[in-house]
Structures are given as C-alpha cells and as structure tokens.
Amino acid sequence: MVFHGDYEMCFEIHQKSEDGWRSELIGYMTGLSPDDAKARWVEAHPTQPEIENRIQAIVPLDEWR
C-alpha cells in the first residue's frame, strides 16, 4: 500500500503584494506539487478571487540545500 505522505512535501504559502514585487508568508501546506498545495490552501482558507490569484506555493529554501 502506498500513502500520499510518501510523495507529499511541505510548501510555503505566500501572498504577493498588489504591485507583485513583494510577498508575505501566510502559512504552510503539504501537497504533491505547488499547484496541489495552493489548491488545498484555498480550499481550507476561502478567499476572494482577486486575492486567490495572488497566492502562490513555493518550495522552502531549506529543501534546496
């Protein structure tokens, strides 16, 4: 039996500023991919559509080392 936890990783969830130059860390979410983590975050934290477009999931810097 294979569990999804075997393939999931933790992503940082950021909300980009309106000007797109900065972002704010708003939490963490596990997922199979950045898109999956973002979808899970939006499902768990309903937001307005214009804010949802500014949310992004990224791999934490610690994972790249």
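Visitor: What share of the residues is buried here?
Guide: In this predicted model, buried residues account for 22% of the 65 in the protein.

Visitor: Okay, switching to the fold. What order do the elements come in?
Guide: Starting at the N terminus, the order is β-β-α-α-β-α. That gives 3 helices and 3 strands.

Visitor: How do strand 1 and strand 2 run, parallel or antiparallel?
Guide: They run antiparallel, with 8 bridges joining strand 1, residues 9-16, to strand 2, residues 23-31. One of the pairings puts I13 with G27 of strand 2 as its bridge partner.

Visitor: What about the hairpin between them, how many residues are there between the strands?
Guide: There are 6 residues between the strands, and G20 in that hairpin takes a positive phi near 80 degrees.

Visitor: Where does strand 3 go, then? Which strand does it pair with?
Guide: Strand 3, residues 55-58, pairs with strand 1 over 4 bridges, in the antiparallel sense. In that pairing H14 stands opposite Q56 of strand 3.

Visitor: Last one: of the contacts between residues at least 6 apart in sequence, how many join residues at least 24 apart?
Guide: That share is 39% of those contacts.

Key:
Residues numbered from 1 in each chain as written. Predicted model: local features only at pLDDT ≥ 70, side-chain atom pairs only at ≥ 80, totals over all residues. Heavy atoms only, no water. Helix = DSSP H or I, 4+ residues; strand = E, 2+ residues; numbered from the N terminus. Buried < 20%, exposed > 50% of the residue type's maximum accessible area, 1.4 Å probe, protein only. Contact = heavy atoms within 4.5 Å. Pairing = 2+ DSSP bridges.
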